[in-house]
Amino acid sequence: MFDNVSKFGITSRAFNNNICSLKKYNPRDFVSDPYRRIDDTPFGGDPGMVMKIEPLELALNKATTEQQELGSNKPLKVYLSPQGKKVNQQMINDLSKHDGIIFVCGRYEGVDERFIERNIDLEISLGDFVVSGGEIPAMMVIDAIIRQLDGALGHEDSAVADSFMNGLLDYPHYTKPRVYEGVEVPEVLLSGDHKQIEKWRLKMSLWRTYQRRPELLEERDLNKIEYGLLAELVNQLDPKG
Ligand SMILES: C[S@@+](CC[C@H](N)C(=O)[O-])C[C@H]1O[C@@H](n2cnc3c(N)ncnc32)[C@H](O)[C@@H]1O
């Protein structure tokens with residue numbers, strides 16, 4: 001599954017350029033029984049299976065030792081879980097500063113709770129929905145972290161304008177053709193006037209955030225210029241102000 005991040009696009013380039021590295025550990029390689037079972041029935045009854053503690057802990061210990069050998073003193077142990085703290089850009093930025101992270105991906109009904117209590121530093125969730133395994137959530141988080149690493153993106157600035165990086169949603173983007181089925185690209189983007197383009201982009205970011213995610217504006221103190229631009233837009237829409 002992890003070929004998705006290790007073999008394609010920006011993330012694969014980052015691995016090839018040694019900006020970061022990724023190693024995978026399969027808990028099945030840490031069991032001695034011939035069926036390589038890593039799950040068992042839950043105490044107390046219930047449908048579904050639970051991941052056993054021992055193979056997980058052996059795999060985690062191996063990953064920890066190998067990360068330490070690579071120079072990460074105390075790798076952060078993160079469990080992907082719908083019950084965790086919801087991931088946002090701020091969390092990604094913080095995670096990107098760690099020199100080593102181990103992501104534990106659950107399956108079935110999840111993992112034996114004692115494994116979490118004994119080993120995990122942080123539980124994180126991709127949102128209030130349940131997927132079948134932690135691998136896809138882990139890949140999303142790994143991709144988002146790599147975007148924040150120095151030198152990972154071709155154009156150094158490309159992450160700066162991304163949504164959430166400055167607490168606002170991104171502005172709309174356009175490319176050729178200039179007119180498509182009668183629909184034109186906004187005039188200002190063709191003007192070559194970089195100051196006006198910057199102003200338009202900031203306005204669009206503010207407007208999008210106001211319309212789609214107003215709670216983000218409450219979390220972020222707008223400066224005088226931003227406030228003025230947004231007020232202008234709101235007033236244009238509602239002449240009463
Ligand atoms: C079917 S889920 C288990 C859900 C668990 N019974 C619960 O309700 O909390 C199997 C695994 O998928 C991963 N997972 C599911 N939803 C997730 C989410 N929203 N965010 C992160 N990981 C998730 C976790 O690693 C979890 O152990």
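1. A quick definition first: a residue is buried if 20 or more other C-beta atoms lie within 10 Å of its own, exposed if 12 or fewer, and partly exposed in between, with C-beta atoms placed from the backbone. None of the 14 residues of α9 is buried, so this helix lies largely in the open.

2. Some housekeeping before you go on. Please note that this is a predicted model, in which local features need pLDDT of at least 70, side-chain atom pairs count only at pLDDT 80 or more, and totals for chains, interfaces and linings use all residues. Residue numbers start from 1 along each chain as its sequence is written. Helices (H or I, at least four residues) and strands (E, at least two) are DSSP runs, numbered from the N terminus.

3. How far apart are the end C-alpha atoms of helix α9? They are 20 Å apart, which agrees with the 20 Å that the 14 residues (224-237) should span at 1.5 Å a residue. The expected span is 1.5 Å times one less than the number of residues.

4. Now look at where α9 meets α7 (residues 194-212): the two pack at about 65°, with axes 9 Å apart. Axes here are lines fitted to C-alpha atoms, for helices over the stretch in contact, and angles run from 0 to 180 degrees between N-to-C directions. That makes the pair roughly perpendicular, a term covering 65 to 115 degrees. From α7 come Leu 202, Lys 203, Leu 206, Trp 207 and Tyr 210, and from α9 come Glu 226, Leu 229, Leu 230 and Leu 233; contact means C-beta atoms, placed from the backbone, within 7 Å. By class, these residues are seven nonpolar, no polar and two charged (Ala, Val, Leu, Ile, Met, Phe, Trp, Tyr, Cys and Pro count as nonpolar, Asp, Glu, Lys and Arg as charged, and the others, Gly among them, as polar).

5. The axes of α2 (9-16) and α6 (residues 135-147) come within 10 Å and cross at roughly 65°. These helices are therefore roughly perpendicular to each other. Ile 10, Thr 11 and Ala 14 of α2 touch Asp 143, Ile 146 and Arg 147 of α6, giving three nonpolar, one polar and two charged residues.

6. Finally, have a look at Cys 20, in the loop between α2 and β1 (39-40). Is Cys 20 buried, exposed or partly exposed? With 17 C-beta neighbours inside 10 Å, Cys 20 counts as partly exposed. Beyond its neighbours within four places in sequence, Cys 20 contacts Ala 14, Phe 15, Ile 146 and Leu 149. Asp 99 is 79 residues away from Cys 20 in sequence, yet their C-alpha atoms are 9.3 Å apart.

Methods
Parallel < 35°, antiparallel > 145°, perpendicular 65-115°, else oblique. Contact = placed C-beta atoms within 7 Å.
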